[in-house]
Amino acid sequence: MKLDPLIKLSHVERSYPLGKQQFFYVLRDINLEVEEGDFVSVMGPSGAGKSTLLHLLGMHDFGWTGEYYLDETAVHRLKPKERTQLRNEQIGFVFQNYNLLDDLTVYENLDIPLSYRRYSKSERTALVADTLDRFSIVAKKDLYPRQLSGGQQQLVSIARAIIAKPKLILADEPTGNLHSSQAEEIMKLFQRLNSEGTTIIQVTHSETNAAYGNRTIQLRDGWILK
Amino acid sequence: MHDLRFAFRQLIKSPSFTAIAVIALALGIGANTAMFSVVNAILLRPLPFPQSDRLTVIWQTNPEVTKMGFPLAPTSVPDFKDWRAQAKSFEAVSAIEGWSTNLTGVAEAERLDGARVSANLFSLLRVQPILGRAFVAGEDERGRNQVVILSYELWQRRFGGDRSIIGRKLTLDQEPYTVVGVMARGFDFPSDTGMPAYMTFGPRAEVWAPFAPSEGREKNRGAHNLAVIGRLKPSVSLTTAQAEMNTLAARFAQQYPDSNKDWGIQLVSLQKQAAAGSERTLSVLMAAVGCILLIACANVANLLLARGLGRQKEIAIRRALGASRMRIVRQLLTESVLLALAGGLLGILFAVLGSDLLLAIAPKNLPRLSEVRIDAGVLLFTLLVSLVTGLLFGVAPALQSSRIGLSEKLKEGNRGSTAGHARLRNGLIVSEVALALMLLIAAGLLIESFAQLARVRPGFNPESVLTFNIALPDNPYRDESKAAAFFDSVVRRIENLPGVKSAAAGNILPLSGGEEVDGFEIEGRPLKPDVLQTANFRWVTPDYFKTLQIPLQRGRTFNEHDRKDAPEVAIIDETMARLYFPGVNPIGQRFKATNEKKSVFREIVGVVGDVRHTSLEAKPGPHIYLPEAQAGQQSMMVAVRSAGAEPAALLQMVRREIATVDPNVPLADIRTMQEMVASSVAPWRFTMALLSVFAGVALLLASLGIYGVLAYSVNQRRREIGIRMSLGAQRRDVLQLFLSQGMTVTLLGIVIGLGGAWAATRIMRSLLYSVSPTDPLVFLSVPLVFAAIALLASLLPARKAAAVNPVIALRNE
């Protein structure tokens, strides 16, 4: 028996009004299924709608039309608060520029997604300790992001993304700011996480990085190329 | 010049920033200018006489009199004459005595306030009449003193500015006086403002006659009723003159021990005397507007800091092009000074409107109010304040903005904030909150005082009572029985008028501003030599207690049988009964008043409730009421209780009745009793209203400050908000983040403000009534209200933060 996909998008569109009765479409008639355990790379030129798609999947953006199922939940029917809750349960984010909070230490950066998910203090302590250990960054726990290299910052960012045990990681150009050896390490880390069961969708410009995944989607002017 | 041009262009470029900053500064500078115009007129500007700094009032002092509440006492005629003859420190010395006189023989009789003065007063003050002449030597001798000088206003009002007034005869108190001069417009010296109440000066003098004391007064060193003013010689300081007068006082004490033992002399500069009592209030109000200006400065400094961040790239380019740090600071300071000058200009407009409003609500007994205006001195003050303000709020942001890492900023563009900025901005907000809280607490204490005062029961019912004063001339009323008959007749006629419930007369009505304190001796209890036993004496007609609704506690009130030929009787108040007859029924007890011509023991026939006579705030002292028919006062105040609500409507009928009794007797000081109550609390109301307005402005500015900092912070932290949301933060988490930021600075400011208020409100003790300077109610409620308003001010930007769209926030990266 085939299980339902983790993500199912049907006829999803995203547009911005330009004037009276005029719209600029960023995503057009997107139909997409992502199975649990997939490692999908989204590629395409600038302005193709890659990041828009990622934010839509991450439920940062609510202004779209169509149907979106995440883990069998009809996202398009959810109220904003319910979407936030679902996102907190299912999704972790990794950004190109790491987006660590400058005034928080590595430890505090890892702690913050847990505090937003109302984990108890003891659970948070245990999870953060475990993650620091798993990513071999215990020695860095009291450092601030500016005291880390780019690769180390992205490592922390990924650790932060998976700490609340999401089913899905959305990564927007995760190696865009890193040099090639660091990029390779990060991609291997994604591969390992994927092999451990986490579904990953990454936006990338790099064929090399895309090769780490099991599937590539090409976007052009808001359309998925068949 | 280049800096100025660029600064001007910068301000034009951001009109909303410029408008907000200019309005905030204008509020601060305007409040300071308006308040300074009052302080300048009352405390700083020289009196309108040439070399007025040389003018001093010469008072006497006596420990016993001080105990009665009069630290400065007037002097006697012989002492005045001795000073004039013997004191070497003065160019000239003049005596002044309040004079209230009835002008008759004209279309409508009128009571005029004025003074009897030594002939040399005008030359001492260095003022000259604009028409006619001043008094000449010898006119202050008996028999030659029937000459009079008019004020410009009286001359215009009653004589249409007729220049042939000089040499004309006027009838004053039924005596002929020849007009010899008219003073310049605005000259009204002496007035009651700043002078002790017992000097009986009117609100403004309109008529002057030479002071020619009677033979009896010429010899009586014990009759203290003259104010004396002196002009110091150019080389003599006040201290030197004081030392000389001390020596004279000691000499007189030896020479005339019966009258002058324990009497000292105290010199007070006329300028200080004229401002008497207003210094404390004005200092508190000036401090309040100072706080407003500081808050406005902190607000604008915060705006500039925010703006500085946006201009980091521009500054970095300037530095890269070779500008030194000092050069950048100079450029930025030029902008802030220009901003402050614009604020000052608008502030002057606010001040003109504000000082009109201020004068409208100012109590009439605030001295020299007519001199309040925005003049060159005030404008100079505004200019200085604007320049200092510009530097004050500009220097920190200028230094902060000029301290930037060149290469990072050139690379980064306009992005990013620094911890130093945040600390400075938060520090500014904390100080704004602290200052505003101090002002609010001060205003809270005054409001609480006023509320306490409003709750005071005066001991009589001031509603529906019309009052006025009648002063009978010596001719033909020197005879006591004639005066008594006049008032008896007037009161009876008024009582019979339709719409009148009852009428009565008393020499001094409650809250009318007069006092008559004297000693008494209780039968069987001889006075001990060193014990001062005094009470306030009131002569009243029989229906006095009924008309003012003063409750009778024991015995009876006066009636028509208490006449001159009847046994002498008196009524006392509860305080008198409690103090002097504890545990004894005072009814039937007898005492002797030391000031009565006839030294007889009077029997107490009744006890009435206490009345707040001097002011609502002063606890009632012992009072003794005597029947007017047994004394025959020439000056009495009449109280008419109307049956309807509007007592003033009775005035025309009352005037007619009095004219029927004697057409030459004018009514003066016509007021309702409620107006008297209102004017007795007017100084309280004034200080409270002003400080409340200032505190309101401070609260508004501080709230705007909190709002501004948070709104700015939300803008700066959009990326962070986006990240937090992508990490799972919900709206309430973001809301909480910014609310807690706003409330942290607020609470810190509140704590510091509470400490400051705790220390500062002590200096307000004399401005408070029945409220401690550290009143727990005010100290608890004001911070709560402040915190609630700060919460509201934080809520707006916090809601904006919670509504940040993470997609846009992250994409703008």
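Predicted model: local features only at pLDDT ≥ 70, side-chain atom pairs only at ≥ 80, totals over all residues.
Residues are numbered from 1 along each chain as its sequence is written, and chains are lettered from A and ligands numbered from 1 in the order in which they are written. Local features need a pLDDT of at least 70, side-chain atom pairs count only at pLDDT 80 or more, totals for chains, interfaces and linings use all residues, and side-chain values use heavy atoms, with hydrogens and water left out.

**View 1. Confidence along chain A.** The mean pLDDT of chain A is 89; pLDDT is the predictor's confidence in each residue, from 0 to 100. At least 70 is reached by 98% of the residues. Among the elements of chain A, strand β3 (residues 39-43) has the highest mean, 95. Helix α2 (residues 80-90) of chain A has the lowest, 86. Helices (H or I, at least four residues) and strands (E, at least two) are DSSP runs, numbered from the N terminus.

**View 2. The interface of chain B and chain A.** Chain A brings 24 residues to the contact and chain B brings 18; contact means heavy atoms within 4.5 Å. Interface size is often given as the accessible area lost when the parts come together. Here about 1800 Å² is buried, 50% of it on carbon and sulfur atoms. This area is the loss for a 1.4 Å probe, summed over both parts.

View 3. Two salt bridges cross between chain B and chain A. The rule asks for a side-chain nitrogen of Lys or Arg within 4 Å of a carboxyl oxygen of Asp or Glu. One of them joins R118(A) to D733(B), with the closest N and O atoms 3.0 Å apart. On the side of chain B that touches chain A, α23 (718-726), α24 (731-760) and α26 (806-811) each supply at least two residues. Helix α23(B) gives the most, with six residues.

View 4. H60(A) sits in the loop between α1 (50-57) and β4 (64-70) of chain A. H60(A) is buried, at 2% relative accessible area; buried means under 20%, exposed over 50%, partly exposed in between (1.4 Å probe, protein chains only). Beyond four places in sequence, its contacts include H55(A), R87(A) and F93(A). Those from chain B include S726(B), N805(B) and L810(B).

**View 5. E244(B) in helix α8.** E244(B) belongs to helix α8 (residues 238-255) of chain B. E244(B) is buried, at 19%. Leaving out residues up to four places away in sequence, E244(B) touches Q86(B), A87(B), K88(B) and S89(B). E244(B) and S89(B) are 155 residues apart in sequence, yet 7.4 Å apart in space, C-alpha to C-alpha.

Key:
Buried area = accessible area lost by both parts, 1.4 Å probe.
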